[in-house]
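Let's take a walk through this one together, a chain at a time. Have the viewer open and follow along.

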Amino acid sequence: MIRVAAVRSGSMLVGWLVLAGIVGAIAIVSLGIGQVSIAPGEVLGALLAGPTTLEGRIVFDLRLPRLLLAMLVGAQLAISGAILQGVTRNALASPDLVGITAGAGFAAVLIVLVFVDAPAFVLPLAALIGGATSGAIVYLLAWKQGVSPERLALTGIAVTAIFQAAVTAVVTLRVEQAQAQQALRWLAGSLYGRGWDELLVLLPWSVVGIAGAMLLAHKVNILLLGDAVASGLGMRTERARMTLVAIAIALAASAVSVAGTMAFIGLVIPHLIRLLIGANHRLVLPFSALAGAVLLLVADDVARTVFETREIPAGLFTALIGAPYFIYLIMRRKTQISV
Amino acid sequence: MTSLPMIEPSAAAPPTELRASDLTLGYDDRIVVRSLDLSFPIGRITAVVGPNGSGKSTIVRAAARLLRPKSGAVFLDGKAIARTPTKEVARRLAVLPQGPSSPEGLTVERLVWSGRYPHQGFLGTSSVGDAEAVAWALQQTHLVDFAQRTLDTLSGGERQRAWIAMALAQQTPILILDEPTTFLDLGHQLEVLELLGELNAQQGMTVIMVLHELNQAARYSDHMVAVHAGRIWRQGTPDEVLTQELLEVVFGVHADVRLDGASGKPYCVPLARAAEPAE
């Protein structure tokens, strides 16, 4: 038994090293592509030498922070979705569908368009409060002796619709201002123009949120067994669920606050990972993080390089990849969707 | 974090007493059970029986602290269960609720590992003792060969054994089961009941179960508690409880009660529906 566990953790380590190598290679290539192409070898050289040459400055000042942001945002949305799907035992629970994204979006648009003079740190904070508020509203409205999949999805759709209408109203009323375009790009989900400043704002949330999620992942496994079983095992189920949902909200809302509303990552990635590796959330969470990071990294590469003169929002590509895959999942299933 | 004393998986856990005192139970405004006193014999199999809505599941849920009493208390070794840290209770009392739903893609081994939750620290780090307890639980439930199968690929009886294995991995002296045979066909019902009998005989485990089927309750228990309209109508050995009177008064059925020569236990043959049972 113990030997089996040792062999398993050994092969697990090899697996992680291989994955880390793949992600590293994608990252190096990503740092090289753009209006100025830099060969992978030169990227490595620039990373080691620092921002001394032109290539070095492009890699360091422009591409590296954006790459790290893409990976963190993708990872955070995917973890958030994995937690929400796990604790509500509902495959439809994701930051998009339970209202977190729309609430954060509304708050951010208010800051960008109405409170134009607010200092930079206010935007993520406002998005966080907006996301948390709308997430809590959906959760409470869906509550009736527990949160059923149908009620959560339906109240999520309703609350999302309200916030989206509010966003449209604000954008329409402020359309003459230059910020309107910024708001629209933000709503579509984009990392355009994001750099070290945004990364530093996001980083504390990432560190605390991701660490918290990984440390509590085993509690998701217990909650998946249902509240009665979990209580019987000695878990305080409401407290555990509240803590995990709070982490999920913080991860998603802070990600949305810097990158806008990136579609489908939080819904599709955890689903895909569970199909591939099973229901153990100690693995589902880290693998979802990795897959979310890679998906948004690649989507952002495409977004900033597919047209030479104009950049398109990365959120469009995550939607283009995510939506058909989601439809495929629904079609493939003969039974009711469940975790 | 305190480190826990290691328990030998096969060694019988110290006997633990479970007792309810002056319990009043209900849901929202509806009172189901009033001023109930009940203690479960240590090291025996107790079957709680009664018609639908009699409150038998409610009593067992309260005994397992899944339902908070409106008044009164449940005592585990003399200590009020509501004032004991819930993880500590879970190390002495395991409960399998009615019809637990199986998450998709969950393997038997992962499920059984969940049973170690109350023995693990805040971060859920596992020890050698955990692995031994899981191996022991799989072996007791004859599921070693099924460890890597997912629950949805198992038969109903195998799946129920897997849930019981999870409860066994908790290594508690008391095991409570709410209708463990529901949704199983006859063969699988007996498979589960025989397994519980083995655990009681070999490990000295106190087993408390809600059962619908009276003949199975009599056959597989040492002690029967008949619940009627939220009160204990009678309790005692199967001989004392499974009587014509029980069927007549509590279930509203005319029946013959006979003695099975092979097991020495009573069994009933229902004849006809009597008048509405007295409330």
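Start with chain A, which has 14 helices and zero strands. Read along the sequence, that gives the pattern α-α-α-α-α-α-α-α-α-α-α-α-α-α. Keep in mind that everything here comes from a predicted model.

How does the radius of gyration of chain A sit with that of a compact globule? For 339 residues the globule rule expects a value near 20 Å, and chain A has 20 Å, so the two agree. If you'd rather think in boxes, the C-alpha atoms of chain A fill one of roughly 60 × 60 × 35 Å along the principal axes. Of the 339 residues in chain A, 51% are buried. Look at the contacts with a sequence separation of 6 or more: in chain A, 74% of them link residues 24 or more positions apart.

Is A:A303 buried or exposed? A:A303 has 24 other C-beta atoms within 10 Å, and the cut-off for buried is 20 or more, so A:A303 counts as buried. Setting aside neighbours within four places in sequence, A:A303 is in contact with A:E311, A:I312, A:P313, A:A314 and A:F317. There is also A:L191, which is 112 residues away from A:A303 in sequence, with 9.2 Å between their C-alpha atoms.

Over to chain B, where there are sheets to look at. Strands of a sheet pair through backbone hydrogen bonds, in either a parallel or an antiparallel way. One open sheet in chain B is built from four strands in the order β2-β1-β4-β5, with antiparallel pairing. Strands β2 (30–40) and β5 (79–80) of chain B stand at the edges with a single partner strand each, so one side of each has no neighbour in the sheet. Strand β4 (residues 71–76) of chain B pairs with β5(B) over two bridges, in the antiparallel sense, and B:F75 stands opposite B:A80 in β5(B). Lying across β1 (18–27), β2 and β4 of chain B is helix α1 (residues 56–63) of chain B, which runs at about 120° to β1(B).

Another open sheet in chain B has six strands, ordered β6-β7-β8-β3-β9-β10, and its pairing is mixed. Its edge strands are β6 (93–96) and β10 (231–236) of chain B, each of which pairs on one side only. On average, neighbouring strands of this sheet are turned by 15° against each other, direction ignored. Which residue in β10(B) is the bridge partner of B:V225? It is B:Q235, and strand β9 (residues 223–228) of chain B is joined to β10(B) by five bridges, running antiparallel. Helix α6 (residues 186–203) of chain B lies across β3 and β8 (206–210) of chain B, at about 155° to β8(B).

Finally, a word on confidence. The model scores ipTM 0.88 and pTM 0.86. Chain B has a mean pLDDT of 89, with 93% of its residues at 70 or more. Over residues 1–12 of chain B, though, the pLDDT is below 50, and this stretch has 13 contacts in the model beyond near neighbours in sequence. Where pLDDT is low, the predicted coordinates should not be read in detail.

Conventions. Residues numbered from 1 in each chain as written. Chains lettered and ligands numbered in written order. Predicted model: local features only at pLDDT ≥ 70, side-chain atom pairs only at ≥ 80, totals over all residues. Rg over C-alpha atoms; globule rule 2.2 N^0.38 Å. Buried ≥ 20, exposed ≤ 12 C-beta atoms within 10 Å, placed from the backbone. Contact = placed C-beta atoms within 7 Å. Pairing = 2+ DSSP bridges. Axes fitted to C-alpha atoms, helices over the stretch in contact; angles between N-to-C directions. pLDDT = per-residue confidence, 0-100.
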